[in-house]
2 protein chains.
Amino acid sequence: MTVTPPEDEAIDPQAAPPAEEYGLSNEQIEQAEEALEQGDIARLEEIAASLHAADLADLIESLAPDERVVLLDTLGGAMEPEVLSYLVPAVRQEVIEHIGPKGLATVLSALESDDAVEIFEDLDEDFQRRILTQLPEGYRLVLEEGIAFPEESAGRLMQREVVAIPAAWTVGETIDFMRSAHDLPNDFYDLFVVDPKHKPQGYIPLSRVLRARRPERVSEIMESDLKTISYSTDQEEVAYLFRQYGLVSAPVVDDAGRVIGMITVDDIVHVIDEEAEDDLMKLAGVGESDLYGRVLETTKSRGTWLVVNLGTAVLASIVIGLFEATLAEVVALAVLMPIVASMGGNAGTQTLTVAVRALAMKDLSTANAMRFIVKELTVGCFNGMIFAVLTGIVAWLWFGRPDIGVIIGLAMIINMIVAGLAGTLVPLTLDRLNIDPAVASGVFLTTITDVVGFFAFLGLAALFIL
Amino acid sequence: MTVTPPEDEAIDPQAAPPAEEYGLSNEQIEQAEEALEQGDIARLEEIAASLHAADLADLIESLAPDERVVLLDTLGGAMEPEVLSYLVPAVRQEVIEHIGPKGLATVLSALESDDAVEIFEDLDEDFQRRILTQLPEGYRLVLEEGIAFPEESAGRLMQREVVAIPAAWTVGETIDFMRSAHDLPNDFYDLFVVDPKHKPQGYIPLSRVLRARRPERVSEIMESDLKTISYSTDQEEVAYLFRQYGLVSAPVVDDAGRVIGMITVDDIVHVIDEEAEDDLMKLAGVGESDLYGRVLETTKSRGTWLVVNLGTAVLASIVIGLFEATLAEVVALAVLMPIVASMGGNAGTQTLTVAVRALAMKDLSTANAMRFIVKELTVGCFNGMIFAVLTGIVAWLWFGRPDIGVIIGLAMIINMIVAGLAGTLVPLTLDRLNIDPAVASGVFLTTITDVVGFFAFLGLAALFIL
């Protein structure tokens with residue numbers, strides 16, 4: 001029955017109880033750490049047993065490396081195989097080294113194929129080979145085929161377990177088949193209807209199967225507006241497909257259009273998180289989230305980006321160096337010049353971020369790019385004028401020189417317009433060249449606004465003050 | 001049957017065809033614009049009819065405002081109600097103004113309750129009242145109750161349509177009920193099993209219902225490890241719950257613990273996108289993605305942040321102003337000083353971004369905060385020393401003065417350590433104070449690295465050079 005709240009006891013949304021918190025609590029972490037310190041194995045086993053696999057993975061992640069080893073030894077074979085797929089790569093690597101190829105082979109064969117491939121693909125080749133020798137023939141093939149698909153493709157993401165039924169079947173035959181079958185996926189939400197060549201013809205949500213009568217033909221109740229995914233499709237495109245049409249599952253097909261697997265929405269939630277994190281990290285100049293990375297790896301990966309930044313900072317300094325004589329004459333310019341560069345950098349970053357996100361979400365395309373550029377230029381002009389007046393007054397009052405006020409104002413307008421233009425054109429151009437706009441835009445942009453900011457301000461000063 | 005690829009025709013992942021692109025294509029947009037220009041109503045109707053509601057929404061978004069009006073007039077009542085829920089708020093507002101309260105009332109009553117509430121909540125109060133008078137009693141109540149729940153809460157997110165069945169029923173009774181019921185949700189993936197007081201006892205995935213035999217009791221096949229959501233829970237916490245445990249649907253309960261609605265994973269995908277976008281935009285100082293906002297609104301919302309930035313830039317300039325005498329003496333300092341500030345700002349932003357993301361994903365908590373701070377401090381020390389040597393050499397060679405090289409190197413080490421400390425402590429402190437770390441961290445951080453960068457460099461120079 002469909003539940004509606006009883007009329008006599010209406011909900012009072014104002015009397016909200018404290019909102020619950022899901023997942024691993026700080027108390028649970030502290031209890032586990034306490035049990036580890038005291039060597040209380042029984043208590044530790046009890047805590048671990050009470051946790052969902054995802055929460056146990058979080059517990060393992062939140063411990064120090066030496067505590068992890070103790071916990072893993074305590075759990076031993078009792079650890080659910082799913083825990084491994086919930087771990088972040090850096091910690092998973094540690095755990096795998098600890099349990100060794102034999103232990104890992106047991107874990108992998110207990111997982112669904114997509115989860116097993118996800119863990120397997122990250123191993124080095126030698127380790128992969130040692131795992132494969134431990135596995136039964138059929139399972140070995142699934143893993144070998146899995147990693148043969150392009151990285152971040154639908155082929156890597158899919159599970160091979162899928163329910164596909166012939167169009168000629170009735171609902172009754174379908175239900176009888178499902179009751180007797182032993183190799184169905186753990187979770188599925190749609191049945192895919194296929195022709196004799198295994199090409200998908202349509203799908204039926206399970207809720208519709210349940211509500212249909214046994215004699216009805218599946219071809220009569222199926223939705224024929226089916227979206228299929230080629231195994232080579234990039235995972236970002238797959239995420240777009242699920243998001244755009246609100247899908248819960250979709251079939252993956254081979255070159256001949258035959259069903260070879262299925263992608264479900266829980267994999268997609270993971271991809272969406274990953275892609276969002278990627279954009280955020282790249283814009284900030286972090287390779288990938290390195291929360292669990294070791295100090296030296298983190299230093300190295302962050303350092304790479306800082307070297308690039310040092311190059312652009314030196315470039316900006318060279319521009320300033322061109323005006324040494326002017327600066328020696330009017331020290332006030334040195335005091336004020338970071339303002340112009342900083343405002344341009346910030347305004348440009350605002351535009352850039354909107355553009356990068358819109359490109360990732362397919363909201364920005366050649367069709368509306370021109371409108372976006374014109375709008376950002378206009379916003380740049382408006383804000384340029386507003387902040388020209390503000391900074392002009394500040395500079396004038398501070399140093400008692402109206403000429404410096406006028407010059408900083410003019411430089412501000414120029415830099416804000418350039419910021420709007422660079423904030424749109426840089427990501428659009430990179431995207432057109434098939435370069436990820438998130439990764440490289442930031443450097444380009446701040447280099448442009450720094451160089452233009454210093455050059456405009458000091459150049460105008462050199463022209464008109466001296 | 002479970003499909004495995006035929007052995008004789010193995011997939012060759014290397015021969016990948018060009019990956020497909022889903023969603024609205026640029027060609028479709030161009031065709032629609034052409035039809036609009038030529039006033040070809042028939043063609044326009046044909047294009048619109050061929051599109052999924054989500055793609056039609058994208059088409060409407062990608063048109064210029066005046067073209068939108070023509071398209072809407074052409075479609076008239078033929079537009080699927082779902083189109084409205086797919087539109088971004090700014091464009092939806094335009095469409096609603098165009099179709100008026102009466103048209104909107106018709107659209108809302110055709111939608112599921114969660115989609116209707118989502119559109120309804122954004123309207124101004126006067127418009128809301130005019131809509132409510134147009135709706136039948138039952139529907140009016142759903143909308144009024146919906147907007148009474150806190151913003152961004154589970155209550156707003158949920159749909160009232162839910163399938164809850166008594167624990168005493170058999171599978172057969174359940175299936176018979178579902179075949180005859182008329183008010184079931186359009187899409188559902190789990191049945192929720194309730195006691196006589198409507199309190200949830202467990203859930204059964206539909207795939208399990210399908211595979212069960214008619215005489216089995218639902219209480220025997222249900223999963224009792226059910227996660228329920230209070231209507232007042234924040235949507236970010238709900239998203240965490242779905243993500244952590246891979247849920248496809250979950251029941252929402254009132255204060256007495258009775259089922260009052262259901263949240264499904266497609267709503268959650270939307271929330272995850274929204275929250276990720278929020279963090280990205282806030283870190284860049286953009287209120288919310290304003291791709292479709294009008295020029296004046298965008299100028300205003302971006303300007304607010306730029307005013308804050310102007311304040312912090314002036315603060316940095318004041319610090320520089322303290323050393324005017326030093327700068328007048330050695331102009332090289334003015335040339336080099338932005339390098340120290342820029343490197344600190346970038347290193348700090350890296351740390352900050354990792355922290356903000358980890359806090360949002362609940363990967364960073366009091367349990368591991370100390371380890372994170374120590375790690376970032378160490379990374380800051382290492383990178384500080386590396387870049388101290390690099391910039392020191394650059395400065396020495398450039399100006400032929402080893403003393404300036406040493407001073408810039410020392411300032412670099414100080415600023416990089418401060419950047420690591422500020423990049424961790426600022427977001428952690430804001431989070432502890434229940435302030436969203438994404439929105440305010442950036443300003444604090446760059447202010448700190450600018451001020452410390454300029455002060456350390458110029459201060460050391462004033463001490464040791466003059």
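Residues 404–430 of chain A are 100% helix and 0% strand, and the end C-alpha atoms of this stretch are 37 Å apart. In an unreviewed UniProt entry, residues 404–430 of chain A are one of the spans annotated "transmembrane region". The model described here is predicted.

**Annotated transmembrane spans of chain A**
- The unreviewed UniProt entry also applies the name "transmembrane region" to residues 304–323, 335–356, 377–398 and 442–465 of chain A.
- Residues 304–323 of chain A are 90% helix and 0% strand.
- From one end of residues 304–323 of chain A to the other, the C-alpha atoms lie 30 Å apart.

- The domain assignment divides chain A into domain 1 (23–153), domain 2 (164–265) and domain 3 (295–464).
- A distance of 47 Å separates the C-alpha centres of domain 1 of chain A and domain 3 of chain A.

**How the two chains are related**
- In general, a rotation about an axis and a shift along it relate two copies of a chain.
- Here, chain B is superposed on chain A by a rotation of 180 degrees with 0.0 Å of shift along the axis, and the RMSD is 0.1 Å.
- The two copies are therefore related as by a two-fold rotation axis.
- Of the interface residues of chain B, 99% are also interface residues in chain A, so the copies meet through the same surface.

**The three-stranded sheet of chain A**
- Chain A has an open sheet of three strands in the order 1-2-3, with mixed pairing.
- Strand 1 (164–166) and strand 3 (200–205) of chain A are at the edges; each has a single partner strand, so one side of each is left without a neighbour in the sheet.
- From one strand to the next, the twist averages 35 degrees.
- Strand 1 of chain A pairs with strand 2 (residues 190–194) of chain A in the parallel sense, over three bridges.
- Opposite Ala164(A) stands Phe192(A), in strand 2 of chain A.

**The three-stranded sheet of chain B**
- Chain B has an open sheet of three strands, with the order 1-2-3 and mixed pairing.
- The edges are formed by strand 1 (164–166) and strand 3 (200–205) of chain B, and because each has a single partner strand, one side of each is left without a neighbour in the sheet.
- Neighbouring strands of this sheet are turned against each other by 35 degrees on average, direction ignored.
- Strand 2 (residues 190–194) of chain B pairs with strand 3 of chain B in the antiparallel sense, over five bridges.
- Val193(B) stands opposite Gly202(B), which belongs to strand 3 of chain B.

**A loop residue of chain B**
- Gln134(B) is located in the loop between helix 8 (125–133) and helix 9 (137–148) of chain B.
- With a relative accessible area of 38%, Gln134(B) is partly exposed.
- Leaving aside residues up to four places away in sequence, Gln134(B) touches Lys102(B) and Ala105(B).
- Gln134(B) and Ala105(B) are 29 residues apart along the chain, and their C-alpha atoms are separated by 6.2 Å.

Notes
Residues are numbered from 1 along each chain as its sequence is written. Chains are lettered from A and ligands numbered from 1 in the order in which they are written. This is a predicted model: local features need pLDDT of at least 70, side-chain atom pairs count only at pLDDT 80 or more; totals for chains, interfaces and linings use all residues. Side-chain values use heavy atoms; hydrogens and water are left out. Domain bounds come from an automatic or database domain assignment. Helices (H or I, at least four residues) and strands (E, at least two) are DSSP runs, numbered from the N terminus. Buried means under 20% relative accessible area, exposed over 50%, partly exposed in between (1.4 Å probe, protein chains only). Contact means heavy atoms within 4.5 Å. Copies are superposed by least squares on the C-alpha atoms of residues with pLDDT of at least 70 in both. Two strands pair if DSSP finds at least two bridges between them. Axes are lines fitted to C-alpha atoms, for helices over the stretch in contact, and angles run from 0 to 180 degrees between N-to-C directions. UniProt positions are given in the numbering used here, feature names are shortened, and annotations may be inferred rather than shown by experiment.
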